[in-house]
Amino acid sequence: MANAPARDLAQHLQRIEVDGFTILPKVIDTELITAIKHELSPFLQGQHPGRNDFEGLYSERVYALLSKAPSIAKIIEHPAVLPILDALLPPGFLLSAALAIDVHPGETPQPMHIDDNAGNLPFPRPRAHFGVSTIWALDDFTADNGATEVVAGSHRWPEERQAKEDEITQVVMPAGSVIVFLGTLLHRGGANRSASDRLAITPQYCMPGLRQIENMALAVPPSVAGQYSPRIQEMLGYATIDPGFMGYVDGVHPKRLIDPDYQGRRARGLESPGLASLTESQQFSNP
Ligand SMILES: O=C(O)CCC(=O)C(=O)O
């Protein structure tokens, strides 16, 4: 799949500005969907139903996906979605969460929520988004099987405004499609009144200076992270924020944990402006 053409990119960004979300139909093919389902299947055997109304008592969730289902990387860094994320988030943005959500028959609607306030940051809405979420349909999202529901325009709403039923839109889309939405958009998983499951993957991304919702450094250990692309590694946290050094580990760049030959910024002829303000004893070598 080629990168989103500029015209399409502009249209997607325009829709996101107005509605808070955009939908890319049929981005991935059946082959990739089948591969992901195959990798997820050992974790979707009915052993771990949701523990509350948010996770869904008739749903199953699989976390730490990059440690369990490597094909997920293909959607986390999918070239149709990356240009939209690059336009909406600062360079070096992080993967905040990546989970599978299998909504079973009988599930009720999830509580309405936004995705980018998990740390209860003291910045009331309306405000700029801190993150961007995606939800990939691995089954058709239909009117009765628990399709995600969104509230168009709610990314501009104040905290206290609640969505009325007639303001809620079902995201009906074929398997292989993805919805991209701002972290400030109200949304929820829908009720599943059908006889089949509804499987989705939701990679969520956040600004580089924020804490990730899922503790990625622990969920995906260095030995596993080392098998992924540089972009995925960066999203997991194997990066520092330029200029500066936020994100270092034991005084060096985190990439050194997975790539002993990694050359720091000074070796690559780049300045480390953040170091200039530190005393000699605070400075660490070649971050
Ligand atoms: O399953 C869905 O459609 C939405 C789930 C969701 O928004 C969440 O758990 O954060």
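Guide: Helices (H or I, at least four residues) and strands (E, at least two) are DSSP runs, numbered from the N terminus. This is a predicted model: local features need pLDDT of at least 70, side-chain atom pairs count only at pLDDT 80 or more, and totals for chains, interfaces and linings use all residues. Residues are numbered from 1 along each chain as its sequence is written.

Visitor: How many helices and strands does the chain have?
Guide: The DSSP runs just defined are what is counted. The secondary structure of the chain comes to seven helices and nine strands.

Visitor: Why is the chain as compact as a globular protein of its length?
Guide: The radius of gyration is taken over C-alpha atoms, and the globule rule is 2.2 Å times the number of residues to the power 0.38. For 287 residues that rule gives 19 Å, and the chain is close to this, so it is as compact as a globular protein of that length: its radius of gyration is 20 Å.

Visitor: What pLDDT does the chain average?
Guide: pLDDT is the predictor's confidence in each residue, from 0 to 100. Over residues 275–287 it stays under 50. In the chain, 91% of the residues score at least 70, and the average is 92.

Visitor: How far apart do the C-alpha centres of domain 1 and domain 2 lie?
Guide: Domain bounds come from an automatic or database domain assignment. That assignment gives domain 1 as 6–230 and domain 2 as 240–287. Their C-alpha centres are separated by 33 Å.

Visitor: How many residues of domain 2 are in contact with domain 1?
Guide: Two residues are in contact if their C-beta atoms, placed from the backbone, lie within 7 Å. Domain 1 brings six residues to these contacts, and domain 2 brings four.

Visitor: Which residue of strand 6 stands opposite E149?
Guide: Strand 5 (residues 149–150) runs antiparallel to strand 6, and two bridges join them. Opposite E149 stands Q170.

Visitor: Which residue does a cis peptide bond join to R125?
Guide: Most residues other than glycine have a negative phi, and most peptide bonds are trans. Here omega is about 5°. The residue is in the loop between strand 3 (94–103) and strand 4 (131–137), and is P126.

Visitor: Where is A64, which has a positive phi although it is not a glycine?
Guide: The phi of A64 is about 50°. A64 is placed in the loop between strand 2 (59–62) and helix 3 (73–76).

Terms used: Two strands pair if DSSP finds at least two bridges between them.
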